[in-house]
Number of protein chains: 2
Amino acid sequence: MFHGLSAFPLTPVKNEEIDEQSFERLILRLTEAGVDSLGVLGSTGNYMYLSQAERVRVVELAVALSGDTPVMAGIGAMRARDVLANAELAQGAGADALLLAPVSYQPLTEDEVFALFKAVSQHVSVPVCVYDNPRTTQFQFTPTLYQKIAELPHITSIKIPGVDGDLHHVKRHVGSLQEKLPENFPLGVSGDALAANGLLAGCSIWYSVIGGLFPQAALGITRAALSGNVEEAQRLSQRLQPLWDLFAVNGGSLRVIAAAAEILDLVETPCLPQPLLSLDGPGRAALARLIEELDLQ
Amino acid sequence: MFHGLSAFPLTPVKNEEIDEQSFERLILRLTEAGVDSLGVLGSTGNYMYLSQAERVRVVELAVALSGDTPVMAGIGAMRARDVLANAELAQGAGADALLLAPVSYQPLTEDEVFALFKAVSQHVSVPVCVYDNPRTTQFQFTPTLYQKIAELPHITSIKIPGVDGDLHHVKRHVGSLQEKLPENFPLGVSGDALAANGLLAGCSIWYSVIGGLFPQAALGITRAALSGNVEEAQRLSQRLQPLWDLFAVNGGSLRVIAAAAEILDLVETPCLPQPLLSLDGPGRAALARLIEELDLQ
């Protein structure tokens with residue numbers, strides 16, 4: 001399942017409860033579009049804002065609707081005890097793989113992060129993807145730590161942050177990571193704006209935010225990149241530059257994608273759990289125009 | 001209660017459950033030493049690692065043992081819904097005041113933080129202290145936001161990060177904040193290494209990590225500073241420079257203070273919830289020597 005487009009849907013709320021109807025609508029939109037896998041309870045799925053019971057429910061709903069499309073579920077939590085419980089519950093609810101970021105309040109040390117992944121690797125029966133997201137975790141992985149963790153049982157992919165720079169530079173970076181990892185270890189790229197080059201540089205999967213709302217747009221980039229069509233993949237990605245710009249000025253993709261789902265009436269307004277607020281004012285108006293101009297779907 | 005030394009104890013665990021016996025020992029150590037208030041469920045109290053039920057229990061235990069010493073309790077959570085629930089539960093358990101940091105997974109915007117404090121201020125009946133800790137929250141307060149939040153009902157103090165520099169500089173910084181705030185609004189300093197100058201510069205309270213384990217050392221600095229004895233307060237603080245250095249190289253005070261409590265057999269080893277690990281190896285040995293050499297108590 002660690003190949004192609006992994007689509008990360010929102011977990012919309014309505015009056016601060018999970019909006020199951022809207023969530024199901026989002027999942028069906030993705031499976032109908034033919035995404036390669038689903039990534040529920042990722043950062044876009046607001047896993048850190050949900051209770052244990054809410055997380056289980058999200059996995060259950062996704063698994064029930066996903067048909068043949070594999071489902072990966074985020075299990076990150078502040079406390080190792082809760083990470084292990086989340087892993088068990090997600091597996092029990094039918095998740096095909098787990099996604100784990102070294103979430104922190106007190107930023108973690110390398111020893112702490114390794115011990116956490118080791119404990120999880122001894123506890124699970126499905127594949128685990130390492131989630132490297134320094135912006136939300138305040139933790140910087142080193143290539144050496146990637147290597148140590150990738151040697152643990154059940155650790156099957158790493159979701160790396162987007163790599164900036166031209167394709168030559170990105171290839172060098174991805175190549176240097178691959179040298180440290182087991183052969184054919186599937187690296188996955190995140191950071192949608194940089195995903196095309198990430199795939200062209202040798203990542204085999206795109207853990208994608210826009211894939212969770214605009215699967216056609218993301219599939220276009222993914223298919224072009226994975227078939228080696230550099231020009232077409234980069235053209236399709238550059239076409240979305242105004243969207244990448246909105247992500248950049250709004251502290252990441254979440255508030256923008258939530259506003260887009262609201263604008264398209266795919267979810268209720270507001271769909272984010274408080275205190276998070278989706279885009280409003282001129283930014284929201286610009287986004288509405290963009291969705292139309294770029295025919296995002 | 002927003003005056004003098006506010007001591008922030010650890011919440012020790014034992015086999016990943018709250019170690020009630022050790023926690024009670026820590027609380028009694030503080031009340032017997034005569035600290036001016038207790039700050040339970042602060043960063044040192046590992047609030048973000050505890051379940052709602054565990055948090056209630058901590059407040060109950062502290063209130064039951066604190067006698068006349070007022071108790072402030074941390075209520076921060078990722079989700080506004082949980083912050084409000086924590087506020088209600090802490091009040092119900094007898095907390096005299098609440099402490100709230102704008103905790104995040106997705107770093108918050110200024111609008112989101114203001115809305116959160118506004119909601120809490122409308123929900124509570126006891127004083128609320130704003131907790132400004134950019135290292136753990138990834139949020140930078142501005143003086144203007146301090147001002148807006150301080151005007152809300154029930155907002156009664158701000159716990160500011162330590163201000164580096166000489167006393168003249170710290171006085172200018174604290175003075176410029178005070179100009180923006182209501183008259184006699186109690187600013188509290190944190191960042192133990194910089195606390196002496198913070199108090200000398202006009203902060204009225206020290207929200208103190210070492211105060212939670214070494215109350216005598218912290219009371220000495222507090223009493224000297226608040227009686228205007230610049231030389232003595234700075235001398236007592238400089239004496240602890242090797243401890244401040246250990247904090248600096250270990251990603252903050254928590255892992256060092258936890259190791260100190262373990263070394264002194266005031267708690268079980270390990271006393272931190274996983275994945276957090278207290279100091280080990282040469283750092284732990286150096287700390288053990290320091291405790292003895294400085295006669296910390």
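**Figure 1. The annotated residue T44(A) in the predicted model.** The UniProt annotation "binding site", from an unreviewed entry, covers T44(A). In this predicted model, T44(A) is placed in the loop between β4 (37-40) and α2 (52-65) of chain A. Its relative accessible area is 5%, and because buried means under 20%, T44(A) counts as buried.

**Figure 2. Contacts of T44(A).** Leaving aside residues up to four places away in sequence, T44(A) touches F8(A), P9(A), L10(A), T11(A), V209(A), L254(A) and I257(A).

**Figure 3. The largest cavity, lined by residues of chain B****.** Two cavities of 30 Å³ or more are counted, and the largest has a volume of about 60 Å³. Among the residues that line the largest cavity are L41(B), G74(B), I75(B) and N86(B). Both α2 (52-66) and α3 (80-92) of chain B supply at least two lining residues each, and α2(B) gives the most, with four. By class, six residues of this lining are nonpolar, three are polar and one is charged.

**Figure 4. The second largest cavity, lined by residues of chain A****.** The second largest cavity holds about 50 Å³ of space. Its lining includes L41(A), Q52(A), R55(A) and G74(A). The largest share, four residues, comes from α2(A). The lining divides into five nonpolar, three polar and one charged residues.

**Figure 5. The relation between chain A and chain B.** Chain A is superposed on chain B by a rotation of 180 degrees with 0.0 Å of shift along its axis, at an RMSD of 0.0 Å. The two copies are therefore related as by a two-fold rotation axis. Of the interface residues of chain A, 100% are also interface residues in chain B, so the copies meet through the same surface.

Terms used:
Residues are numbered from 1 along each chain as its sequence is written. Chains are lettered from A and ligands numbered from 1 in the order in which they are written. This is a predicted model: local features need pLDDT of at least 70, side-chain atom pairs count only at pLDDT 80 or more; totals for chains, interfaces and linings use all residues. Side-chain values use heavy atoms; hydrogens and water are left out. Copies are superposed by least squares on the C-alpha atoms of residues with pLDDT of at least 70 in both. Contact means heavy atoms within 4.5 Å. UniProt positions are given in the numbering used here, feature names are shortened, and annotations may be inferred rather than shown by experiment. Buried means under 20% relative accessible area, exposed over 50%, partly exposed in between (1.4 Å probe, protein chains only). On a 1 Å grid over the protein atoms alone, a cavity is a set of points where a 1.4 Å probe fits but cannot get out, and a pocket is an open set with protein on both sides within 12 Å along at least five of seven lines; lining residues have an atom within 4 Å of a point. Grid points are joined across faces, edges and corners, and a volume is the space filled by probe spheres set on the points. Ala, Val, Leu, Ile, Met, Phe, Trp, Tyr, Cys and Pro count as nonpolar, Asp, Glu, Lys and Arg as charged, and the others, Gly among them, as polar.
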